[in-house]
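Come along and look things up with me.

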Amino acid sequence: MADAVDYGEIADDYAFFLAHSTETEAQRAALAPHMARLGSEGRLLDFGAGDGAFTAGLVAEHGAPACIAFVEPSPVQAAKARARLAALAETRELDGLAGAGPFDLILANHSLYYVADPPRTVAALADALAPSGRLIAALLDRENALARIWRGAYAAAGRDFPFWLADDIAPLLARHGAVASEWVDYRLAFEDSPAARATIMRFLTGGTLGEAEAEALALFDRHRAGSRIVIDTRYPHLVLTR
Ligand SMILES: C[S@@+](CC[C@H](N)C(=O)[O-])C[C@H]1O[C@@H](n2cnc3c(N)ncnc32)[C@H](O)[C@@H]1O
């Protein structure tokens, strides 16, 4: 089962990551054709919406769809998403996926790592898709440099890695339709310091490794470039069509 990570608790660490990476702009470019296809009549589900900023950015760029539904288990993040998204479109907050939909576009943006029962959640998401809809799951895969650090930290602590990666989710999606990988290339770069490394580590682990996290900070060594850490890497957007 996936570890529980309270994203309300690590919002500042996530913000540090976003401020030092080109990921959001790379993702927006990859998602542009899907947002264009959604249009102003489409119905969007944001699964694991966080504070809603990611989807709000897409809507600012492409215009509002007919409605935005979202699922977000962290109460702190859900309150932010509610306020942010309701200012842009008709918004519905969902407790779960039972009976939800149909949706023309479902975004699961870095959220499926954490679900307790991936086959069940993936099936529920697929069921919520409109017949010509698309489900896009953004997930690090095992080859991604940050996923290597993330997994390495758990290995160094002698613990099983408790999250699901793209390698785990892609075969589950394939039970429900055709799956294509659209690659997102990005850079994470920051001035190297123990505090900055610890911030990125906390963003990855949610602080679940406790004191063992300090030892795992050496995993960043191979990415040193002068006084900075520079990580060029990529991961797939898994795109399901039924
Ligand atoms: C890395 S954040 C991504 C947030 C947002 N999608 C974004 O791109 O900024 C992961 C989000 O998934 C949420 N999450 C965790 N467990 C979840 C679950 N079982 N179902 C849905 N969302 C979950 C977290 O609360 C968090 O807001």
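Entry 1: I started with A123 and found 16 C-beta neighbours inside 10 Å, so A123 counts as partly exposed. To count as buried, a residue needs 20 or more. I kept in mind that this is a predicted model. I noted that A123 lies in helix α5. I also checked A123 against D141: they are 18 residues apart in sequence, and their C-alpha atoms are 20 Å apart in space.

Entry 2: Which residues of α5 are buried? In this helix, which covers residues 118–127, I found T121, V122, L125 and A126 buried. Looking down the axis of α5, I saw these buried residues fall within an arc of 135°, so they line one face of the helix. On the face turned away from that buried side, I found P119 and R120, which are exposed.

**Entry 3: what covers the buried side.** I looked up what lies over the buried residues of α5, and the cover includes the strands β1 (43–47), β4 (103–109), β5 (129–138) and β8 (228–241), along with helix α7 (166–173). For L125, I set aside neighbours within four places in sequence and was left with contacts to F47, L97, I106, A108 and L135.

**Entry 4: the core.** L125 turned up again in the largest nonpolar core, which has 66 residues.

**Entry 5: the ligand.** I finished with the 16 residues that surround the ligand, where G48, G50, N109, S111 and Y114 are the closest. I sorted this shell into 8 nonpolar, 7 polar and 1 charged.

Conventions. Residues numbered from 1 in each chain as written. Predicted model: local features only at pLDDT ≥ 70, side-chain atom pairs only at ≥ 80, totals over all residues. Near = placed C-beta within 6 Å. Nonpolar A, V, L, I, M, F, W, Y, C, P; charged D, E, K, R; others polar. Core = buried A, V, L, I, M, F, W, Y, C linked by C-beta atoms within 7 Å. Buried ≥ 20, exposed ≤ 12 C-beta atoms within 10 Å, placed from the backbone. Contact = placed C-beta atoms within 7 Å. Helix = DSSP H or I, 4+ residues; strand = E, 2+ residues; numbered from the N terminus. Arc of directions from axis to C-beta.
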